[in-house]
Amino acid sequence: MESNQITYYKTPIGTAKIKGNENGIQSITVLDDKIETSANVPQSLQTCVQQLEEYFNGTRTEFKLKLNPQGTDFQKRVWNELLNVSFGKTRNYLEQSKKVGNPKAIRAVASANGKNPIWIVIPCHRIIGSDGSLTGYAGGLWRKKWLLAHESPSPQQSLF
């Protein structure tokens, strides 16, 4: 089993800590700590850093990365379904729970979203409350708002 490599990449919403190896990206979390972008990015993480840079520059709307998130089968099913929520679109928790095959599992789906280890690429920020409100986001609601505004087709109009 290949050990994980880590790199740091400075983004407009904090420093992304990217962890993974040749088997895929295991996690992307955004830290409040100010950590400089890594000078030497491991080969296995270079494509991820490049695609995140393109995303934040506004030139990428879809990620094409090998992902390897660690979690339960249910969590992986929820995270996999998140990949079907397109750039610039949102879905509410009820819709998300229906997509994973259990409309009554709203809380379980919300919990799995909260444990999503690959922020931004697995777009849990695109899941909102049934009333259109910005509900919980592990990275803080200000980051969720920023990401949704960044992906909004008409940036001059705020949805929130």
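Start by selecting arginine 143: its relative accessible area is 4%, so this residue is buried (under 20% relative accessible area, with over 50% called exposed and values in between partly exposed; 1.4 Å probe, protein chains only). Keep in mind that you are viewing a predicted model, where local features need pLDDT of at least 70, side-chain atom pairs count only at pLDDT 80 or more, and totals for chains, interfaces and linings use all residues. Residues are numbered from 1 along each chain as its sequence is written, and side-chain values use heavy atoms, with hydrogens and water left out.

Now show what surrounds the side chain. Beyond its neighbours within four places in sequence, arginine 143 is in contact (heavy atoms within 4.5 Å) with Ile13, Gly14, Val30, Leu31, Asp32 and Tyr137.

Then zoom out to the cartoon. You will find 5 helices and 5 strands, and from the N terminus they run β-β-β-α-α-β-α-α-β-α. The radius of gyration, taken over C-alpha atoms, is 15 Å, close to the 15 Å from the globule rule (2.2 Å times the number of residues to the power 0.38) for 160 residues, so the chain is as compact as a globular protein of that length.

For contacts with a separation of 6 or more, residues 24 or more positions apart account for 56%.

Conventions:
Helices (H or I, at least four residues) and strands (E, at least two) are DSSP runs, numbered from the N terminus.
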